[in-house]
Structures are given as structure tokens and as C-alpha cells.
Amino acid sequence: MHKQRILLLSEGFGAGHTQAAYALSSSLREIAPNVQTKVLELGSFLNPRMAPFIITAYKKTVSSQPRLVRMMYRSNYKKSLNKFTTLALHRIFYTQTSQLIKQLHPNVIVCTHPIPSAVISRIKRLGHDVPLCTVITDYDVHGAWVSREVNCYLVSTNQVREKLIERGVEDSKIRVTGIPVHPNFWERHNKEEIRASFGLNNLPTVLVMGGGWGFMKDEAVNSLLASFRDQVQIIFCFGNNTKQLQKMQEDPRFQHPNIRLLGFTREVDKLMEFSDLLVTKPGGMTCTEGLAKGIPMLFHKPLPGQEEENSEYFTSQGWGTPITSLNAITAWMDRLINHYDEVVKKRLEVLEKINRYHPTGSARAIIEMLEQSQKKVIS
């Protein structure tokens with residue numbers, strides 16, 4: 001039987017977009033064995049020499065000039081990428097995209113980042129008729145996501161759906177499916193097995209994550225967390241930030257049996273399962289992974305734009321709390337030490353309410369789109 005091909009396109013500007021693409025790929029293959037998937041970070045694939053420099057420059061700008069990034073985000077908040085911008089992107093960075101599509105011949109293209117979505121939209125305007133699904137990977141929607149050529153939007157919440165409608169997107173094109181995270185985050189693991197596997201202690205546990213790029217340099221927050229090391233276990237997960245990992249490994253404050261310092265790991269789902277509190281930047285993917293595990297969250301220094309909106313949404317739902325002062329951390333340490341049973345009970349209540357965020361919803365919506373496009377071809 002001829003397999004249907006789904007091409008999933010992302011970009012390397014933040015790890016969450018690509019994680020969403022791989023999560024979808026995994027779910028699609030799980031529910032539809034006749035589907036073949038391929039995930040690409042489009043710019044990095046087409047321009048492997050130039051892309052790392054651009055991504056590094058973006059990372060430095062975000063970390064060193066947040067006010068500038070916030071101003072740019074807000075000034076273009078309701079604006080789609082105009083034709084001149086998409087033309088420039090295509091000519092400078094994505095010239096081989098049309099050729100790539102012809103070679104791979106996908107039956108559906110799924111974009112988890114606004115730039116590939118804009119590039120594919122332009123190709124569609126030029127006459128390439130391929131169904132395009134755009135997956136918005138945050139709890140807000142910037143105008144850059146919006147294009148008339150998108151056939152289907154998969155969004156996190158009804159609030160995002162309403163914002164798209166306000167910007168002229170037809171309601172029939174929008175499906176509220178939640179943000180797709182890897183199916184592993186929806187599995188329930190044995191905590192004793194996790195504890196043994198990682199060599200952890202049987203204590204209330206805090207997991208600290210700095211995002212896919214490993215931003216974790218807040219001296220005050222890290223020091224305060226470490227001060228509770230005799231009563232609370234703290235796991236610092238640094239991602240790809242090897243420099244910060246090494247720095248903290250050499251710091252006597254973090255050399256303690258109840259403190260674990262980890263680099264990149266593919267077992268974040270198990271660490272979230274075992275831990276009782278997540279301290280993190282509020283990226284859309286990380287928040288949704290935390291939600292899938294029902295773990296309460298403390299949000300640390302959101303990046304301008306989407307992360308600020310993610311923090312506001314999760315706070316409004318009672319699933320997280322922004323760190324507006326160090327008192328927020330101290331209050332949570334008190335809960336873990338003195339009111340642990342209440343923390344566990346609240347987490348179980350959250351787990352009972354989150355089934356609508358399961359990643360198969362997004363995958364099934366894409367399969368439906370694929371089936372509809374095939375019916376049109378046959379007719």
C-alpha cells in the first residue's frame with residue numbers, strides 16, 4: 001500500500017517548535033501506520049552554514065536586549081508577514097524550498113513555526129497546491145502566524161481561536177486541539193523505578209529547567225533553592241548550556257547529596273513525573289509538558305512576547321505562578337516541606353481535567369485533513 005507523506009517544518013528559534021513537530025510525527029505514526037513523516041528545520045536544512053549564525057544572533061538578542069524584542073513583538077503583534085517580507089525570506093534564505101517540496105512530494109505540509117508557514121504560503125500563492133496545516137505552539141497568536149493560504153490551524157485554546165477569528169481567519173479553518181507534546185509525557189511511570197534509575201532521594205523534589213537553550217543564570221533564584229537542600233531535593237536540568245552546568249558543578253553550594261546537576265536529557269518526562277514542582281521559563285511546549293504531568297509550575301523571567309502570554313494564561317488557569325519576588329519560591333518550599341499532602345492532592349485534581357490537551361487530538365486533525373485532500377484528488 002502506498003504510504004501518505006506528511007512533511008513537518010519547523011525552525012531552530014527556540015527548541016519548542018521542533019519538539020512539537022517531532023511530537024506530532026510520533027503521534028501520527030502511532031495512530032496511522034500508513035503515514036510516512038519527515039521533520040525538518042527548514043532554514044537549517046537549506047542553509048546549514050548560515051543558519052547557526054542567525055540562530056546564535058537571535059539567542060543573544062533575546063537574552064541581552066529583551067526590551068527591544070518586546071517592542072518589536074508588540075509593534076507587529078496584529079500584522080501578518082507582508083508580501084515583501086515573505087519574498088525577501090524566500091529569496092535570501094529559502095530559495096530551494098519549492099524544489100525540496102517537488103522532491104519530497106508531501107501530501108500535507110505541517111508547520112510548527114511561523115516562518116516556514118509564511119514561506120509555504122507564498123509557494124501556494126504561486127500555484128503549488130498542497131494542503132497546509134499550521135500548528136500554533138503557544139497560548140497566544142502573533143500576526144506572523146496568519147496567512148490566507150493556511151488550510152487549517154491547530155491551536156492551544158479557545159482564546160487563541162477567538163484571536164484568529166478577530167484577524168479574519170474563518171472559524172471552519174480552526175481546530176482547538178492543544179499543543180502537541182511527545183506521547184511519553186502522557187504516560188504514567190513508576191516513581192520508585194524513576195528514583196532508582198536516576199539515583200534520587202525520597203524527598204519532596206523541585207525540577208529546575210532553563211528551556212531548550214538552557215537559560216539558567218539567576219544567581220538569587222539558584223542560591224535560594226539551594227538553601228533548602230537539607231529538606232528538599234533539587235534537580236537542575238541545563239539542556240545544552242554546558243558552560244553554566246560546569247560553573248555550578250564547581251560551586252560548593254551545589255555539591256550536596258540532595259542536589260543533582262544534569263545536562264541534556266531525553267527523559268524529562270520521567271523527571272517531571274517524579275518531581276513535585278517545576279521551575280521553568282514559560283515556553284509553550286514546556287508548559288504543556290508540565291500540564292500533561294499535572295505538575296505545578298513557577299515561571300521564571302519569561303521572554304518577551306509569547307512566553308509572557310503563556311505565563312499569564314497558565315497563571316489564570318491556576319496551573320502556575322510567576323516568580324515576581326523570591327517570596328514566591330519561599331512560599332512553595334514551605335508547601336513542599338510542611339503541606340506535602342495538599343500538593344499531591346492538588347496535582348491529582350489537575351490530572352483529572354487535562355485530557356483535552358492530549359496530543360492525539362492534533363494528530364487526528366491532520367489525518368482528517370489528509371483524508372479530505374485525498375478524496376478531492378480521487379473525485
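**Figure 1. Surroundings of Gln233 in a predicted model.** Gln233 touches Leu200, Asn201, Leu203, Pro204, Thr205, Val206, Asn258 and Phe274, where residues up to four places away in sequence are not counted and contact means heavy atoms within 4.5 Å. This is a predicted model, in which local features need pLDDT of at least 70 and side-chain atom pairs count only at pLDDT 80 or more, whereas totals for chains, interfaces and linings use all residues. Residues are numbered from 1 along each chain as its sequence is written, and side-chain values use heavy atoms, with hydrogens and water left out.

Figure 2. The side chains of Gln233 and Thr205 are joined by a polar contact of 2.9 Å. A polar atom of the Gln233 side chain also lies 2.7 Å from the backbone nitrogen of Asn201. A polar contact is a pair of N or O atoms within 3.5 Å; within protein, one must be able to donate a hydrogen and the other to accept it, and residues adjacent in sequence count only if both atoms are side-chain atoms. Gln233 belongs to strand S8 (residues 233–237) and is buried, its relative accessible area being 1%. Buried means under 20% relative accessible area, exposed over 50%, and partly exposed in between (1.4 Å probe, protein chains only). Helices (H or I, at least four residues) and strands (E, at least two) are DSSP runs, numbered from the N terminus.

**Figure 3. Strand S10 and its parallel partners.** In strand S10 (residues 277–280), both faces are covered: Leu277 and Val279 on one side, and Leu278 and Thr280 on the other, are all buried. Strand S7 (residues 205–209) runs parallel to S10 and is joined to it by 3 bridges; two strands pair if DSSP finds at least two bridges between them. Val208 stands opposite Val279 of S10. Strand S11 (residues 297–299) is likewise parallel to S10, with 3 bridges, and Phe299 in S11 is the bridge partner of Thr280. From S10 the chain passes through helix H13 (residues 284–293) to S11 in a right-handed β-α-β crossover, that is, with the strands pointing away from the viewer, the path from the first strand over the helix to the second runs clockwise.

Figure 4. The structure holds 0 disulfides, a disulfide being a pair of cysteine sulfur atoms within 2.5 Å. For Cys152, the closest cysteine sulfur is that of Cys133, at 4.4 Å, which is too far for a bond. Cys152 is buried at 9% relative accessibility, and Cys237 is buried at 5% relative accessible area.
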